[in-house]
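Please have the view open while I talk.

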Amino acid sequence: MTLLRVENLNMVFGGIHAVENLDFKIKSGTIHSIIGPNGAGKTTLFNLITSVYRATTGRIFFDDQDITEVSTYALAEHGISRTFQNLQIFFNMSAVENVMVGNHRKTDSRFLPALFGLPSIRQGERDCRQRAEQLMCDIGLERYIGSDADSMPYGALKWLEIARALASQPRMLLLDEPAAGLNPSETHEIDDLIKRIADMGITVVLVEHDMKLVMGVSDHILVLDSGRKLAEGTAEEIRQNPDVLEAYLGHRQRAR
Amino acid sequence: MKAFYKPETGGILALAAIIAVLPIFLPNSFYFDVAILVGINAIVCVGLNLLIGYAGQISLGHAGFFAIGAYFSGILVGTYEWPPVAAMLIGALFVGLLSYLLAKPIMKLRGHYLAMGTLGMGIVISIVLNQEGELTGGPDGMPVMGFSVFGWEPGSELTWYWLIGGLLLIAVWLALNLINSPVGRALRAVHGSEVAASVAGVDVARYKVLVFVVSAVFASVAGSLFAHYSGFLTPSEADFFHSIELVTMVVLGGMASVFGAVVGAAVLTTLPQLLTVFHDYEMLVFGASLMVTMIFMRRGLVPTLQSLFSRRLK
């Protein structure tokens, strides 16, 4: 079943075509990687899918619903969540509170009951905190349950961002370079985590430069270059694709 | 009992105790006058701190909302003989609507641009109060009738003290409730990272407008109380310096700390009044205290002291 369908997507910044005539599909329940050289449009694509940017033209469908014009905050309701290449942690909060924000759409956020501190709100807060702590334990962050976000090391913050994204119980999770800045053993743990997330039935879309990680976990790979689709297929197909080799290693003519 | 326990209950009880005991140490009506002004400023600051400290948005025009509330009370009670409580509520409702309409465009701005936008808003309100002489008495000001609730009037300084003290406690209670709820968490998330907040499902624009309106309504109610208490209003209540005073109180006391806002209001209202030698240099005291706080205690008085004590206890 197709979960995400992108049709003829274009994004133009000034004169730059960051994404050009892009078509692709993502099947439900798979790990789908998007790779490409720097500036290929990978993060732009994430920003388009999550409505951080509005596409110049083209449509994006999630579960057969057109989500091109849906606001970012409303996409959480559809079941789309993401992490960020440059961390977007709430450094003014504790680690648990960061994860609790992820659960925002499931909490009772009506203004007047909150203002008067009704018991139902307080009960909801206790439940929300408990769920967040449970999620932190599940993901291996139990050491940081009592920590403030600004006192946590970089690697743990990457996990915290994933925990926050999972707290919204997404159907599709976009991971923007989860292994960037991590050491090899941490990257290996990310590898495991991605597989566990997929086992939960969440469709994972991965942007990553670490080829070992990408080739190891991906069911399907999409290669972008200068905003265009260069190739698509399984890890094995991508590895042998001459266009991909050319994009990464340079033109043959230049060698002359 | 356990069901009623919340971590912030201790803070409210401490504040209530201070308010209850303080009159013993106030020798004459001058000190009561200062204490009442502290309470009024504290109510504004508790609201403003939701906007500045928690949601991370600046307003350099909140004195405008304070003044609108004050003039609603002055005009409706004096000229149209409304009951003061009704005038206060209508004033708050009007400020709520006005701030909602203003927040829609203004709260799309960020950082310096938001500061400029709110600054302009405050200046326009100040100009309107100055120019609409028919209604407001213009620059000469206007007298305001006394306060009353169903025939009861706070006659003495002491009864005013209890009235303002009680209302301050309610304001603190409401603010704490809000902060310790999903709404408050969403506001702090907006402060931390707007894009991450919206990905998590927080409607950032809606929450910014909401907190702007809430803080404006707090200011309006405090303005109404001030009008009745002081008995006389001038458009200077809306001027830029008053807005800056309020922001300074919030920053000095501690951003994102409800009790910090109260302490900030207390310190900066009391200092110029008690140290009369400074009177000509009031601006200097405000400016210097803001600079010193920013250099040595970036998080403000209360949060800095809090973390100092909790580290000691460990």
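Predicted model: local features only at pLDDT ≥ 70, side-chain atom pairs only at ≥ 80, totals over all residues.

Among contacts in chain B between residues at least 6 apart in sequence, what percentage join residues at least 24 apart? The figure is 77%, where two residues are in contact if their C-beta atoms, placed from the backbone, lie within 7 Å. Residues are numbered from 1 along each chain as its sequence is written, and chains are lettered from A and ligands numbered from 1 in the order in which they are written.

Staying with chain B, its secondary structure comes to 14 helices and two strands, these being DSSP runs numbered from the N terminus, with helices (H or I) of at least four residues and strands (E) of at least two. The radius of gyration of chain B, taken over C-alpha atoms, is 19 Å, close to the 20 Å that the globule rule gives for 314 residues, so chain B is as compact as a globular protein of that length; the rule itself is 2.2 Å times the number of residues to the power 0.38. Its C-alpha trace spans about 55 × 50 × 45 Å along the principal axes. Of the 314 residues in chain B, 51% are buried, a residue being buried if 20 or more other C-beta atoms lie within 10 Å of its own, exposed if 12 or fewer, and partly exposed in between, with C-beta atoms placed from the backbone.

One helix pair in chain B deserves a look. Helix 2 (residues 29-54) and helix 10 (residues 204-230) of chain B pack at an angle of about 170°, their axes 7 Å apart, where axes are lines fitted to C-alpha atoms, for helices over the stretch in contact, and angles run from 0 to 180 degrees between N-to-C directions. Helix 2 of chain B and helix 10 of chain B are therefore roughly antiparallel to each other, a term that applies to angles over 145 degrees, with those under 35 counting as roughly parallel, 65 to 115 as roughly perpendicular and the rest as oblique. Among the residues that make this contact are B:I36, B:I40 and B:V44 of helix 2 of chain B and B:F212, B:F218 and B:L225 of helix 10 of chain B. By class, the contact between these two helices of chain B holds 18 nonpolar, two polar and no charged residues; here Ala, Val, Leu, Ile, Met, Phe, Trp, Tyr, Cys and Pro count as nonpolar, Asp, Glu, Lys and Arg as charged, and the others, Gly among them, as polar.

Let me now turn to chain A. Four of its strands form an open sheet in the order 2-1-4-5, with antiparallel pairing, and two strands pair if DSSP finds at least two bridges between them. Strand 2 (16-27) and strand 5 (65-66) of chain A are the edge strands, each pairing on one side only. Strand 4 (residues 57-62) and strand 5 of chain A pair in the antiparallel sense over two bridges, and A:F62 stands opposite A:Q65 in strand 5. Helix 1 of chain A packs on this sheet, touching strand 1 (2-13), strand 2 and strand 4, and its direction makes about 65° with that of strand 2 of chain A. That helix (residues 42-49) is mostly covered, eight of its eight residues being buried, and helix 1 of chain A is followed by A:S51, whose phi is positive, near 60°.

How is strand 3 of chain A placed, and which of its residues are buried on each side? Five of its five residues are buried, so strand 3 of chain A is largely enclosed by the rest of the structure; A:I31, A:S33 and A:I35 lie on one side, and A:H32 and A:I34 on the other. Strand 3 (residues 31-35) of chain A runs parallel to strand 9, joined by four bridges, and it also pairs in the parallel sense with strand 8 (residues 203-207) of chain A over four bridges. A:S33 stands opposite A:L206 in strand 8 of chain A, while its bridge partner in strand 9 of chain A is A:I221.

Finally, the contact between the chains takes 32 residues from chain A and 26 residues from chain B.
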